[in-house]
Amino acid sequence: AHEVILLENPVIGIADKVGSCIVGIVLEYDYYSFFGNQKATQEGSGIIISSDGYILTNNHVVATDSNMYDNIKIKVYLPNSEEAITAEVVGTDAQTDMAVLKIDCTDLPTIEYGNSSECKVGEMVVAIGNPLGMEFAGSVSVGYISALDRKAIEAISRIKEIVKDLYSDFGRPSIPPVVLFK
C-alpha cells in the first residue's frame, strides 16, 4: 500500500497573507448619450503599497476622458468593508497600464515587495482581486510564469513583461498586478 502524504496548499497561506492588502475600486461617472444623461460605473481592484494609503492598480480601471465624462468619482473599498473611501489619482501610465491612487487612511496593511529579476519560468503566480466586479471580491487565481522578457503584445516597447498563464483565466482582467511568492 502506498502512503498518502497531505501537504498544505501554499495558495491558502498566500491568500491569507495578501488578501488584506487587496482593495476594490469603483469608478462612477456621468455621460451624455442619445438617450440623455446616463450614469455608468467600472470596477476593478488594487494593491495597498504603503500604509498611508497609496494603492497600485491598472490604468484601465480608472482611465476616463474628463472631456467626455462628468462627475467622475473613484471609490475604494477595503477588504471586509462596505464603506466607500474617496480616492484621488496620483499618477497614471497608459503605456504600462499602471495607476497609483491615494486614499486618506493610515496604518493600512501593505504587500511585501519581492525582486522580479529573480523570477524563473515555471514559478507559481497568484493573483487576488475582483476579476468581474465587486461581487467577486477576493477571488484567487493561480498560474505559472510561462516566459520572461517578452515584449508586450500591445506594442509596448519600453517595458518587458512577465508572460503568465494567469491571463488565460479571465482574459484581460481588472486584477491587481501579480503578486509573486517564492
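## Exercises on a barrel and its residues

Strand S4 (residues 70-77) pairs with strand S5 (residues 84-93) in the antiparallel sense, over 4 bridges. Strands are DSSP runs (E, at least two residues), numbered from the N terminus, and two strands pair if DSSP finds at least two bridges between them. The model is predicted: local features need pLDDT of at least 70, side-chain atom pairs count only at pLDDT 80 or more, and totals for chains, interfaces and linings use all residues. Residues are numbered from 1 along each chain as its sequence is written, and side-chain values use heavy atoms, with hydrogens and water left out.

**Exercise 1.** Find the bridge partner of Lys75 in S5, then place the strands in their sheet.

*Solution.*
- Step 1. Lys75 has Thr86 as its bridge partner.
- Step 2. The sheet is a closed barrel of 6 strands, in the order S1-S2-S3-S6-S5-S4, with antiparallel pairing.

**Exercise 2.** Is Asp30 buried or exposed? Which side chains make polar contacts with Asp30?

*Solution.*
- Step 1. Locate Asp30: strand S1 (residues 22-33) holds this residue.
- Step 2. Asp30 counts as buried because its relative accessibility is 15%. Buried means under 20% relative accessible area, exposed over 50%, partly exposed in between (1.4 Å probe, protein chains only).
- Step 3. The Asp30 side chain makes a polar contact of 3.2 Å with that of Lys39, and one of 2.5 Å with that of Asn71. A polar contact is a pair of N or O atoms within 3.5 Å; within protein, one must be able to donate a hydrogen and the other to accept it, and residues adjacent in sequence count only if both atoms are side-chain atoms.
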